[in-house]
Structure formats: C-alpha cells, structure tokens
Amino acid sequence: MTRGGWKPASERRSELLRRQRAWVAEYGEEPSVRELAKAAGVSPSTASLHLKRMREDGVDIGTRGVRSRRCPYCGR
C-alpha cells in the first residue's frame, strides 16, 4: 500500500471508468462528476482532471452536465 492514499494516475483512471460503468448499469444514466468522484473516493476536482485527461487520450467516458463545445446557436 502506498503512503497517504496516493495512487498512480492509471489506477485512479481505471477506478473512475469502472465506477462510471457500474453507475450506468445500476441507474441507467451517466453520473455527474460529483457523484462519480464520491463513488470513486476522490475529490471532484481530481475526478474532473482525470476525466479531462482520459477524454484527451480518446477514452469515451460520459458524465451528466458536461458542456458541449458546440455553439448553441449555429451548431458548430
């Protein structure tokens, strides 16, 4: 076990992905970032950082409340 609860980023990301999939299976919808963070035992800011990095790496992990990067008026 590591000191102070520190875990490598790959372990935290795997845990977030696993918890997200379990949430969808149980509730039928994607969790919010706060719900996912609580389920994985990390802070919302830590979860948000890891989710951002996972999306940059091409891992499709959805959460409720993610803002679209598209313009709401023109769709681009």
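Reader: How much accessible surface does the protein have, and what share belongs to carbon and sulfur atoms?
Author: In this predicted model, the accessible surface comes to about 6,000 Å² (Shrake-Rupley method, 1.4 Å probe), and 48% of that surface belongs to carbon and sulfur atoms. Local features need pLDDT of at least 70 and side-chain atom pairs count only at pLDDT 80 or more, while totals for chains, interfaces and linings use all residues. Residues are numbered from 1 along each chain as its sequence is written, and side-chain values use heavy atoms, with hydrogens and water left out.

Reader: What percentage of the residues count as buried?
Author: Of the 76 residues in the protein, 24% count as buried, where buried means under 20% relative accessible area, exposed over 50% and partly exposed in between (1.4 Å probe, protein chains only).

Reader: And the secondary structure, how many helices and strands?
Author: The protein has three helices and zero strands, with the order α-α-α from the N terminus on; helices are DSSP runs of H or I with at least four residues, and strands are runs of E with at least two.

Reader: Switching to side chains, how many aromatic pairs are there?
Author: The structure holds one aromatic pair. The ring centres of Trp-23 and Tyr-27 lie 4.5 Å apart with planes at 45°, so the pair is tilted (centres within 6.5 Å; under 30 degrees is stacked, over 60 edge-to-face, the rest tilted).

Reader: Where do Trp-23 and Tyr-27 sit in helix H1?
Author: Trp-23 and Tyr-27 are four residues apart in helix H1 (residues 9–27), and are therefore separated by about one helical turn.

Reader: Is Trp-23 buried or exposed?
Author: Trp-23 counts as buried at 18% relative accessibility, whereas Tyr-27 is partly exposed at 47%.

Key: Rings of Phe, Tyr and Trp (its six-membered ring) pair if their centres lie within 6.5 Å; planes under 30 degrees apart count as stacked, over 60 as edge-to-face and the rest as tilted.
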